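Please look at the model below with its aromatic side chains and its strands in view. The paragraphs that follow go from the rings to the sheet and the helix beside them.

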Amino acid sequence: MKAVSEKAKTEEKKLYPEVVGIILSAIGVALLWTDWSNMIKQTMCALIGLAGFGILAPMMQARRIKPAIRVLAALLGVALIAANVVLGESEYGAQNWLTIAGWTFQPSELVKVCVVLLATGLTDKRSKFRFILFTAFSAVAVLAMAFINDFGSALVFFLAYLAAAVDNKRYYMAGLAAVSAGGAGALAVKLRPHIAARFLSCGKAWENVATTGYQQTRTMIAIASGGLVGAGLGNGWLRGVAAADTDMVFGIVCEELGLIVGVLMIILVLYLGVAVLMRPSSGSGAVAAAVILMAQMALNVLGSVDVVPFTGVTFPFVSRGGTSVLACWGLLAVIDGDKNA
Amino acid sequence: MVIKMRKRRIALLLIPALIISGLAVFFVRYAENRQAWAMSVYNRGIYSSGQLITGNIYDRNGIMLSKVEDGVRRFASDETIRRATAHATGDINGNIGTGALKAFTSELVGYNIITGINNGRSDLYLTIDSELNRTAYEALGGYSGTVAVVNYKTGEILCMVSTPSCDPVSSETAEGDGVYLNRFLSASYTPGSVFKIITLIAALEEIPDIMEREFACNGSVEIDGEAVNCHSVHGTLKIEDAFAQSCNCAFAEIAIELGDDTIIEYAESLGLTSSVDIDGIQTASGSFDTAENDRYTAWLGIGQYRDLVNPASMLRLVSAIANGGAAPEFRLISGQGTALLSFIDAMEHRGDRSERLVSSATSEQMTAMMDYNVYSNYGDGNFPGLELCAKSGTAEVGGDKAPHSWFVGFITNEEYPLAFVVVSENGGSGAGTAGRIANTVLQSAIAGGE
């Protein structure tokens, strides 16, 4: 068994996840061409993220620091969730913003890094305690996100948990989680009718062009307007729609840079995600990180074009938002660093 | 890599598989609806408070009909030109559904899959001649109705006027009966005697000795115990005179001999019951009812009864007769601003897209008889120099209203391959009112070098 994995390791092609991160970050920065202050901020965060990636990825491979990293991640994660629930400010429905000394950031984005750090090492034979800790933390994270109305993030955390549970051969845990999440979801829908309305309006964007389908119809119009090659950077109008540069960023890319670039962005994320899943040496944390990146991309793109409910999840690296970019680089570091020997 | 993948992770591939299915759903929708999405009135790239802010419309000679200046849509400066071309161009409020501003939005914007709505220049050239439209508009002289002229070789519609019209710049709702309706494209009228063209074509093909027959007309014929009146006492006459004099007695006899089913079959095969596709605009289609007795069959063949005919389909039929039996594909778009768009358009319309309606033998016979109509009845002197073939119609519309006046036909001169239809509502005599309008418009078309 060990010989096989050794052999696999030597034959395995090296993944360069940072290349995906750099390309997508560059697109994200380029989109802010008309918005200098945010462009500088986004660039700074991307560079800090890249530097953080350079530090965190090698640290992940150092066996002795791993337990310490996990403890830190758990503590930081709990603190972030608590801060988010207690102090969070709401913007466009979800209460997921925090302002500290003039800086606004999204704690839930950083919690994603904590989750994947806690998901590392679950394939280890002595991982029972780790798994319990991870389960407890994920449950708290999912419930907290649902509590602050950020259903997109709740779903992302839930999928990350499923991925790690399956990776840990605990299919029964995954099943139990799915059933309880389904039950909790049904309860939430029953308790909060406006959420049910949002989910039920999915697929009917063109019937509600002024209300629940506003963002999705504008995104589809923009995508079709851009054709295959786009109108050119800064020449679109979708960027003028509120929060378009985060929630409808796929539409902005298609309108200004063309559908081809938009599709390439999707392919990049899917390629990286699938490659991580198929790479034998990927650790459970790397798998969870890959699932988070893919899920975010899919919720962002498909939500903005009315295939799934619109949840306001960010497109990894591309959506405007410093915390999101930093978190995505954190996820990449885990993808690169979390490998089983 | 697939073989070495950890087995327990195969289940996780469900996630990318679901994502790809979701993307597939989107791309299928995109392929089907991209044009409709891009042309949405909510597209801020091309609309501003409900106004299309991109795309200039010119007539075939490059005369501006509508253009955008500083983000505001403007129209021709001459009010008569504006009213005469309103139905072709469309109006600022988008009330005229078949106008270019509504019907050719995609062409106006120059939408294509490669550059989307951003093709830099967006000019649309219509086939109509705005001066000819003005002449037709003025010739109608207050009558409600329509005038259209088409080149029967190329199918280009050179003149298309519908009255009453409106001023397309006015944001107020126009007064009048159906001002936003393009009567050429979207109305159906009782055809009256112009329908005898259809009955005659059927007779030429179904009754072998029709050319030798003699018909007797003493001003009226009794069928099923009631009189079918003719407008004159024609005495004994052959088919060409029966057609030229539009003798109801003769055509009642022919109609009963053919039977209502045969007449309706011919109306269908000659295109009168289907809608004509003009660059994507669907015209209204005519309709006919089977007759429950011979008297109704007679009126069906005479063009009364419950017959309804759309002027565009009538024009298409006479164009086919003029063109040796093949109806040309009608066009309203003559060109687009960029080479790429013109190329795409040329590819879409390449090859012979005409449709045979009548055999060439029948079309020759019909041409001869419609030529004889003008010579023997309408008077060559009323259409100087036109080499005209025509048929008039005076359609009774019931009550004490004056009948609708129809005049349809074509010019045989190869240099001016023009076919036309004129309808003036409650205009009285077909050859009189509509015939005069047709002459004015055709003289102007020839003088203008169409």
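Which residues form one aromatic cluster with Trp206(A)? In this predicted model, the cluster is made up of Trp206(A) together with Phe26(B), Phe27(B), Tyr30(B) and Trp37(B).

Aromatic pairs can be followed elsewhere as well, and the count over all chains comes to 21. One of them joins Tyr189(B) and Trp406(B), whose ring centres lie 6.2 Å apart with 90 degrees between the planes, an arrangement that is edge-to-face. Tyr189(B) belongs to the loop between α6 (183–186) and α7 (196–206) of chain B, whereas Trp406(B) belongs to strand β19 (residues 404–411) of that chain, so the pair ties together parts that are 217 residues apart in sequence. Both Tyr189(B) and Trp406(B) are buried.

A second pair, formed by Tyr372(B) and Tyr375(B), has its ring centres 6.2 Å apart and its planes at 40 degrees, and it is therefore tilted, since an angle over 60 degrees would be needed for edge-to-face and one under 30 degrees for stacked. These two tyrosines lie in helix α14 (residues 360–378) of chain B and, because they are 3 residues apart there, about one helical turn separates them. Tyr372(B) has a relative accessibility of 25% and so counts as partly exposed, while Tyr375(B), at 59%, counts as exposed.

Helix α14(B) leads on to the strands, for it lies across β18 and β19 of chain B and runs at about 70 degrees to β18(B). These strands are part of an open sheet of 5 strands in chain B, which has the order β8-β7-β20-β19-β18 and antiparallel pairing. At its edges stand β8 (157–163) and β18 (388–395), each of which has a single partner strand, so that one side of each is left without a neighbour in the sheet. Neighbouring strands of the sheet are turned against each other by 5 degrees on average, direction ignored. Within this order, β7 (residues 145–151) and β20 (residues 418–424) of chain B pair in the antiparallel sense over 7 bridges, and Gly145(B) has Ser424(B) as its bridge partner in β20(B).

The charged end of Lys14(A) sits over the ring of Tyr16(A), at 5.1 Å from the ring's centre, and Arg170(A) lies over the face of Phe131(A), 4.5 Å from the ring centre.

Methods: Residues numbered from 1 in each chain as written. Chains lettered and ligands numbered in written order. Predicted model: local features only at pLDDT ≥ 70, side-chain atom pairs only at ≥ 80, totals over all residues. Heavy atoms only, no water. Phe/Tyr/Trp six-rings, centres within 6.5 Å; stacked < 30°, edge-to-face > 60°. Helix = DSSP H or I, 4+ residues; strand = E, 2+ residues; numbered from the N terminus. Buried < 20%, exposed > 50% of the residue type's maximum accessible area, 1.4 Å probe, protein only. Lys NZ or Arg CZ within 6 Å of the ring centre and 35° of its normal. Pairing = 2+ DSSP bridges. Axes fitted to C-alpha atoms, helices over the stretch in contact; angles between N-to-C directions. Contact = heavy atoms within 4.5 Å.
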